[in-house]
Amino acid sequence: MRRILIILVSITAIGFAFWWFSRTQPITVTLVDVARGKVEASVANTRAGSVEACQRTRLSPISGGRIAYLGIKKGDHVKKGQVLLRLWNEDQQAQSSFAQTQVASSRSRIAEVCATADNAEREAARMSKLRTRGFISEGGEEKTRYEAVSRRAACNAARADVTQAQARVKVTKVEQDRTVLVAPFDGIVADIVGELGEYTTPSPPGVATPPAIDLIDDSCLYIEAPMDEVDAPKILVGQTARVSLDALPGKPLPGHVKRVAPYVVAVEKQARTVDVEVSLDNAEDNKKLLVGYSADVEIVLDSHDSVLRVPTSTLIEGNKVLIYRADTKKLEERTIKTGITNWEYTEVLDGVKEGDRIVASLEREGVKAGVTVTPEASKEK
């Protein structure tokens with residue numbers, strides 16, 4: 001009997017051990033509490049945007065020639081009206097001097113010719129009086145009258161010569177202006193193509209020739225970013241935006257939408273997009289930017305404060321979540337009704353209540369409705 005009892009105890013122990021080690025182990029899961037907070041519906045750019053200047057011009061001379069004056073270098077601050085570059089134009093300066101000489105000469109001739117005309121008109125008036133008294137013949141009076149008309153015509157022609165000479169001066173001035181580049185606004189010289197003494201040519205139609213000077217107005221900046229065409233109808237001027245820059249990590253800058261392009265841009269092998277321009281709300285933030293910085297833009301379409309919310313990552317297909325039942329230590333699948341959403345949080349209108357605990361570690365193997373779990377930690381959201 002003793003031997004049989006030992007055998008029975010051994011079999012029981014082996015069976016218990018087999019059951020113990022082969023039983024299904026509870027899955028360790030991470031839980032989060034359903035809580036209240038702020039939820040925003042937003043859209044973001046599909047490709048990296050960039051910081052742009054409100055005014056940027058790429059200047060080239062209208063005519064070609066050799067660079068005779070270059071009064072700037074890259075990075076210089078220039079003022080509106082400042083001469084940046086001048087081509088060789090001594091031939092045009094000579095023509096201008098010649099035209100100005102003609103103006104002076106024509107004005108001198110006016111004094112002479114018009115004085116003669118005045119004298120001829122006075123002489124004609126005297127002859128007319130003498131003719132009425134019978135002292136001179138009719139032919140003599142007509143001769144002096146025609147002489148006065150001729151002299152007056154010569155005077156008017158001399159005045160026309162002055163006007164013509166002044167027009168020549170203007171023409172030569174225009175020709176000289178074609179060889180000079182002047183800053184159209186205050187700004188920074190971003191680039192210069194060409195050196196003193198080199199030959200530069202304007203860009204002919206259809207040929208992409210680099211500009212002689214690239215001028216940027218850094219006092220006014222904005223961010224331009226491409227948005228998916230599907231999101232474009234939701235974006236309106238004045239909406240709140242947040243700008244993130246690689247150059248300023250972790251420091252989103254507040255702004256607002258100032259323009260939505262009225263057309264779609266089709267980029268080869270990429271989605272169709274609509275360009276959106278965003279201005280920063282804080283003028284001091286503009287001083288942190290440089291033209292050309294890459295930037296990402298998030299535009300807030302709607303915002304709800306103090307609403308019931310769950311992390312968007314806890315949702316499974318069909319707007320469902322896995323709720324932890326403390327009484328059974330099992331997971332229960334629950335369908336919820338959602339409101340606005342973003343990549344971080346989703347508003348809950350119905351289906352769960354504040355304080356419910358839902359699974360956040362959906363990626364773990366075996367996590368599904370009905371399984372027994374062990375909470376790993378509770379994250380307050």
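Arg36 is partly exposed, with a relative accessible area of 46%. In this predicted model, the side chain of Arg36 meets that of Glu354 in a salt bridge, with N and O 3.4 Å apart. Arg36 sits in strand β2 (residues 35–44) and Glu354 in the loop between β18 (345–350) and β19 (357–359), so the contact ties together parts 318 residues apart in sequence. Glu354 is partly exposed too, at 48%.

**Salt bridges**
- The whole structure holds 18 salt bridges.
- Asp76 pairs with Lys73, and their closest N and O atoms are 3.4 Å apart.
- Asp76 counts as buried, because its relative accessibility is 18% and the cut-off for buried is under 20%.
- Lys73 is exposed, with a relative accessible area of 54%.
- Lys288 forms a salt bridge with Asp285, with 3.3 Å between the closest N and O atoms.
- Asp285 is buried at 6%, whereas Lys288 is partly exposed at 42%.
- A network of salt bridges links Lys38, Glu40, Arg242 and Glu298.

**Disulfide**
- The count comes to 1 disulfide.
- Cys54 is joined to Cys220, with an S to S distance of 1.9 Å.
- Cys54 lies in strand β3 (residues 49–59) and Cys220 in strand β10 (residues 213–228), so the bond ties together parts 166 residues apart in sequence.
- The torsion about the S-S bond of Cys54 and Cys220 is about -55 degrees, which means that the disulfide is left-handed.
- Cys54 is partly exposed at 31% relative accessibility.
- Cys220 is partly exposed as well, with a relative accessible area of 32%.

**Open sheet**
- An open sheet of 4 strands runs in the order β7-β6-β4-β9, with antiparallel pairing.
- Its edge strands are β7 (180–182) and β9 (199–200), and each pairs on one side only.
- Strand β6 (residues 83–87) and β7 run antiparallel and are joined by 3 bridges.
- Val83 has Val182 in β7 as its bridge partner.

**Backbone with positive phi**
- Most residues other than glycine have a negative phi.
- Ser306 is not a glycine, yet has a positive phi of about 50 degrees.
- Ser306 is found in strand β14 (residues 294–311).
- Asn319 also has a positive phi, near 55 degrees, and is a residue other than glycine.
- Asn319 is in the loop between β14 and β15 (320–325).
- The relative accessible area of Asn319 is 33%, so this residue is partly exposed.

Technical notes
Residues numbered from 1 in each chain as written. Predicted model: local features only at pLDDT ≥ 70, side-chain atom pairs only at ≥ 80, totals over all residues. Heavy atoms only, no water. Disulfide = S-S within 2.5 Å. Helix = DSSP H or I, 4+ residues; strand = E, 2+ residues; numbered from the N terminus. Buried < 20%, exposed > 50% of the residue type's maximum accessible area, 1.4 Å probe, protein only. Pairing = 2+ DSSP bridges. Salt bridge = Lys/Arg side-chain N within 4 Å of Asp/Glu carboxyl O.
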